[in-house]
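This briefing is intended to be read alongside the sequence and the coordinates.

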Amino acid sequence: APDTPGFDILQRGRRNIAIDLKNPEGVETLLKLVESADALIEGFRPGVMERLGVGPDVCGARNPRLVFGRMTGWGQTGMYANAAGHDINYISLAGALAHFGRAGEGPVPPMNMVGDFGGGGMFLAFGVVCGLLEAVKSGKGQVVDAAMVDGTAVLMTMFWAFSQMGVHDENARGTNLLDTGAHFYDAYECKDGKYISIGSIETQFYAELLKLTGLEGDPEFAKQMDKSQWPHLKKRIAEVFKSKTRDEWCSIMEATDVCFAPVLTMSEAAAHPHNVERNMIIDVAGVKQPGPAPRFSRTVPEVASAPAHPGQHSREILESWGFPVSEVERLLASGAVVDA
């Protein structure tokens, strides 16, 4: 195996086997592994696993308890199912991207966190775990169709409710309570060009905000929920925040009930005392990365190893899953399985 760890931190803590699924012996190797597996996760376009000979029907015949997790952008069905796409496209079709952005400006893609990870990977993980728990009771596995477009739509559930309650105007991006429309829920630039975030929604938190900004008693800020005044009040409070540096605002507002935090880069977040105390960012083989979340009281999660290279543990995995040494050697020699 290479001396240096793999670069993809998302692959940390797991072993890696490389199987050639266009080789009949490789297909059979995977199916033998499936016989003892609890779950299989794949991220190909719909139909690819079936064409390779390892679709859910074939795998399910080998192991009826298998949970077969399928991660796609568009889902296994629908007119877009076989089209290419990326996070930005999935959150667009889901009705999410249209609502990220400031008034009078275009939609702002929130990197690829909403579709790929929030609406995709997290829903896949949740779905597979749910499938595993159900299989314990029923003795039967099933297919989990995790689509980023579906998961993203679920993340928008609260806004579906708000829009139908008349609280959120879906046709007026950047003018609503939680989309930078309100003067008490936004990120503001400070004197030094850095930013802070304010989320003083509740009455008592808003009162604390006015007190610590010196705006307490100002009649213009008295009607917090008067949307007609929000644009003017945003300009006024922005001027206040620009009068001090970010560190100065931290000294005034940190650990108060304003609902405040400095806007930090990844490197700054790693060094912040709160995150240091919680050991939020860890070092694995010289690479800084977020520690596991959530935290467990009894089974404390750890990163068992740095990211592996493709095929780094092929021999080890096959032997530990009961393949005879002679068969392992034959599979490696044939190229059906590759060892790094």
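In this predicted model, H1 passes H14 in a left-handed crossing. Helix H1 covers residues 24–34 and helix H14 residues 325–334, and the two pack at about 140° with their axes 11 Å apart. Because angles over 145 degrees would count as roughly antiparallel, this arrangement is classed as oblique.

**Contact between H1 and H14**

- From H1, the residues Glu-25, Thr-29 and Lys-32 take part in the contact, and they meet Glu-327, Arg-330, Leu-331 and Ser-334 of H14.
- Sorted by class, the residues of this contact are four charged, two polar and one nonpolar.
- Thr-29, which is found in helix H1, has a relative accessibility of 2% and therefore counts as buried, the cut-off being under 20%.
- With residues up to four places away in sequence left out, Thr-29 touches Ile-19, Leu-318, Phe-323, Leu-331 and Val-337.

**The three-stranded sheet**

- Strands S2, S3 and S4 form an open sheet in the order S2-S3-S4, with parallel pairing.
- S2 (39–42) and S4 (142–147) are the edge strands; each has a single partner strand, so one side of each is left without a neighbour in the sheet.
- From one strand to the next, the twist averages 15°.
- Six bridges join S3 (residues 67–72) to S4 in the parallel sense.
- Within this pairing, Phe-68 has Val-143 in S4 as its bridge partner.
- Helix H5, made up of residues 113–138, lies across S2, S3 and S4 and runs at about 170° to S3.

**Backbone features in loops**

- The peptide bond from Ala-293 to Pro-294 is cis, and its omega is near 0°.
- Pro-294 is located in the loop between strand S9 (287–290) and helix H13 (314–320).
- Thr-180, a residue other than glycine, has a positive phi near 80°.
- The loop that holds Thr-180 lies between helix H7 (157–165) and strand S5 (185–189).
- Asn-279 is not a glycine, yet its phi is positive, at about 55°.
- Asn-279 belongs to the loop between helix H12 (273–277) and strand S8 (281–284).
- With a relative accessible area of 47%, Asn-279 is partly exposed, since the exposed class requires over 50%.

Notes: Residues are numbered from 1 along each chain as its sequence is written. This is a predicted model: local features need pLDDT of at least 70, side-chain atom pairs count only at pLDDT 80 or more; totals for chains, interfaces and linings use all residues. Side-chain values use heavy atoms; hydrogens and water are left out. Two strands pair if DSSP finds at least two bridges between them. Helices (H or I, at least four residues) and strands (E, at least two) are DSSP runs, numbered from the N terminus. Axes are lines fitted to C-alpha atoms, for helices over the stretch in contact, and angles run from 0 to 180 degrees between N-to-C directions. Contact means heavy atoms within 4.5 Å. Angles under 35 degrees count as roughly parallel, over 145 as roughly antiparallel, 65 to 115 as roughly perpendicular and the rest as oblique. A crossing is left-handed if the near helix is turned anticlockwise from the far one by less than a right angle, and right-handed if clockwise. Ala, Val, Leu, Ile, Met, Phe, Trp, Tyr, Cys and Pro count as nonpolar, Asp, Glu, Lys and Arg as charged, and the others, Gly among them, as polar. Buried means under 20% relative accessible area, exposed over 50%, partly exposed in between (1.4 Å probe, protein chains only).
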